[in-house]
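Reader: I'd like to go through this one feature by feature. Can you show me how to read it as we go?

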Amino acid sequence: MTGQDLHRCYYAATRFSTVIDSRYSGLSRRQVLRRLAGGAGLLGLAGVLQKNGGTALGANPSLTLQGNLPARAKRVIFLFLNGGPSHVDTFDPKPSLLKYEGQKPPEKLYRDGKKGGFMPSPFKFTRHGESGLEFSESVPHLARMADDVSIVRSMHTDVPNHEPALLQMHTGAVQPTRPSLGSWALYGLGSENENLPGYVVLRPSPRTVVGPALWSNGFLPARFQATSIITREMNISKLLPHIRNRSLDRTTQRRQLDLLGVLNEEHLQERGGDAELEGEIRAMETAYSMQMEATEALDLSGESGATREMYGSTKFANSCLLARRLAERGVRFTTVYYTNDKNNQPWDTHKNHNEGHKGLWADADKASAALIADLKQRGLLDETLVILGGEFGRTPFAEGGKKGAQPGRDHHSTAFSYLLAGGGVKRGFVYGSSDEFGMHVQNNPMHVQDFHATVLHLLGIDHTQLTYHYAGRDFRLTDVGGRVASGLLL
């Protein structure tokens with residue numbers, strides 16, 4: 001036991017008589033634990049109570065990886081645009097699409113029946129900033145951040161279908177059950193704030209395609225599971241239901257937790273240590289601490305009017321602002337999903353693409369750029385890696401067949417774009433390229449495994465060394481692949 005543990009046991013023992021009153025006389029230990037454990041703000045406890053083998057939750061063997069590499073970023077904010085935004089209408093200008101408008105692509109992609117001719121972007125591209133990065137007019141706010149961001153134009157993934165592509169982008173595998181990127185990062189580095197979860201998911205709607213498998217801890221210990229928060233309503237009682245104990249004050253809860261610590265320590269000693277029980281103790285301690293810190297972190301009422309105006313008032317804007325507040329408080333990894341209740345894949349523009357693309361970016365562009373600018377002015381951008389993108393891009397050619405609808409763009413996995421800012425990546429820089437139509441990667445390809453390897457590298461982790469032994473072998477996020485995109489780094 002540590003000195004802190006001994007102190008808590010002594011603290012609990014000296015108050016034993018004030019906690020155990022007539023309500024608990026004659027009850028068994030199991031009944032006492034059941035009554036004491038109820039209502040302590042158990043956010044996240046369900047994940048900790050999942051069955052987990054292997055490493056004890058209180059002792060992460062990967063902590064020896066800290067300092068493995070020079071860390072350029074302390075934390076990550078991943079802005080995820082569900083459904084796949086079009087690269088040829090935002091960050092990757094393709095004038096050849098106009099030159100060859102209506103002509104069929106020379107190769108077969110996906111289903112011929114859905115394939116139309118090349119479709120040029122209706123949005124004008126212009127150069128911005130001293131770097132001269134090209135952006136379309138659909139993203140004017142991000143364009144103003146040209147000298148603070150990098151554009152990767154050579155992303156590619158294996159499957160042009162939502163579910164496997166979503167899983168691969170988040171976990172490195174096209175099948176579920178693998179740990180997510182955020183869980184691996186937390187496993188390797190731990191959290192900077194023990195009073196808040198180290199990995200948080202913000203989503204405006206519970207209708208997220210694939211769902212919890214995208215932010216799952218998989219076979220990693222349960223403490224590395226994300227805490228998911230629905231941001232549809234910004235009232236604290238809605239964001240964090242049951243975070244407040246309705247019948248007990250914090251002093252009484254503290255006494256209960258200290259008593260539980262004494263009883264559980266005896267239980268642990270009898271059994272030589274139990275990872276699940278240690279996880280319960282840790283979760284209740286965190287839940288107790290979160291009653292103050294989490295409610296403060298997620299309360300936007302203290303933000304200035306100018307800040308709220310800079311982000312906007314949409315659900316995605318609120319989530320981006322919350323992400324900044326979590327970053328300030330040491331949350332290691334935050335994912336913000338762009339979803340809504342009407343369409344859980346809003347960027348999946350199979351019809352009326354031009355109109356849909358413009359409307360979606362009117363919201364996402366302003367909030368994303370505000371987040372980057374806000375982090376910069378607060379001195380946090382250099383140590384925070386901001387990532388913006390989806391599970392794939394959209395086809396450079398039209399998708400027809402929808403009666404009475406304007407053309408759309410289909411799924412496209414062989415070349416698409418990502419935007420990155422801060423956290424050790426170059427600024428005002430373009431990494432990689434696609435061919436003249438935006439069909440395939442041409443230079444410096446960045447596969448999903450390369451992307452994951454690069455993110456971990458920026459966090460100071462060698463992706464080949466971050467492993468977890470499970471089912472008889474060592475697993476890692478990048479499997480047997482992954483190449484750090486050194487040309488993208490400062």
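**Reading the model**

Author: Let's start with charge pairs: the structure, a predicted model, holds 22 salt bridges.

Reader: What's the general idea there?

Author: Side chains of opposite charge can pair when their charged atoms come close. Here, Glu 383 and Lys 74 join their side chains in a salt bridge, at 3.8 Å from N to O. This pair ties together distant parts of the chain, 309 residues apart. Glu 383 sits in the loop between α14 and β9 (384-389), while Lys 74 is in the loop between α4 (45-48) and β1 (75-81).

Reader: Which way do helices α13 and α14 run relative to each other, roughly parallel or roughly antiparallel?

Author: Look at the angle between the axes. For α13 (residues 315-328) and α14 (residues 353-377) the packing angle is about 15 degrees, and the axes are 9 Å apart. Angles under 35 degrees count as roughly parallel, so α13 is roughly parallel to α14. The crossing of α13 past α14 is right-handed.

Reader: Which residues of α13 and α14 meet?

Author: From α13 you have Phe 316, Ala 317, Cys 320, Leu 321 and Arg 324. Their partners in α14 include Asp 363, Ala 367, Leu 371 and Asp 374. Sorted by class, the contact of α13 with α14 has eight nonpolar residues, one polar and three charged.

Reader: And how do α7 and α15 pack?

Author: Read them the same way. Helix α7 (residues 162-171) packs on helix α15 (residues 448-458) at about 30 degrees, with 8 Å between the axes. That makes α7 roughly parallel to α15 too. Gln 168, Met 169, His 170 and Thr 171 of α7 make the contact with Val 448, Phe 451 and His 452 of α15. The classes here are three nonpolar, four polar and no charged residues.

Reader: What is Glu 134 in contact with?

Author: Glu 134 lies in strand β4 (residues 133-136). Leaving aside neighbours within four places in sequence, Glu 134 has contacts with Thr 90, Phe 91, Pro 93, Phe 125, Thr 126, Arg 127 and Arg 153. Its C-alpha is 8.3 Å from that of Ala 146, twelve residues away along the chain.

Reader: Where does pLDDT fall below 50?

Author: Check the overall value before the local ones. The chain averages a pLDDT of 84, and 79% of the residues score at least 70. Residues 1-25 are below 50, and that stretch has 24 contacts beyond near neighbours in sequence. Residues 29-64 also stay under 50, with 78 contacts beyond four places in sequence.

Notes
Residues numbered from 1 in each chain as written. Predicted model: local features only at pLDDT ≥ 70, side-chain atom pairs only at ≥ 80, totals over all residues. Heavy atoms only, no water. Axes fitted to C-alpha atoms, helices over the stretch in contact; angles between N-to-C directions. Helix = DSSP H or I, 4+ residues; strand = E, 2+ residues; numbered from the N terminus. Parallel < 35°, antiparallel > 145°, perpendicular 65-115°, else oblique. Left-handed = near helix turned anticlockwise from the far one by under 90°. Contact = heavy atoms within 4.5 Å. Nonpolar A, V, L, I, M, F, W, Y, C, P; charged D, E, K, R; others polar. pLDDT = per-residue confidence, 0-100. Salt bridge = Lys/Arg side-chain N within 4 Å of Asp/Glu carboxyl O.
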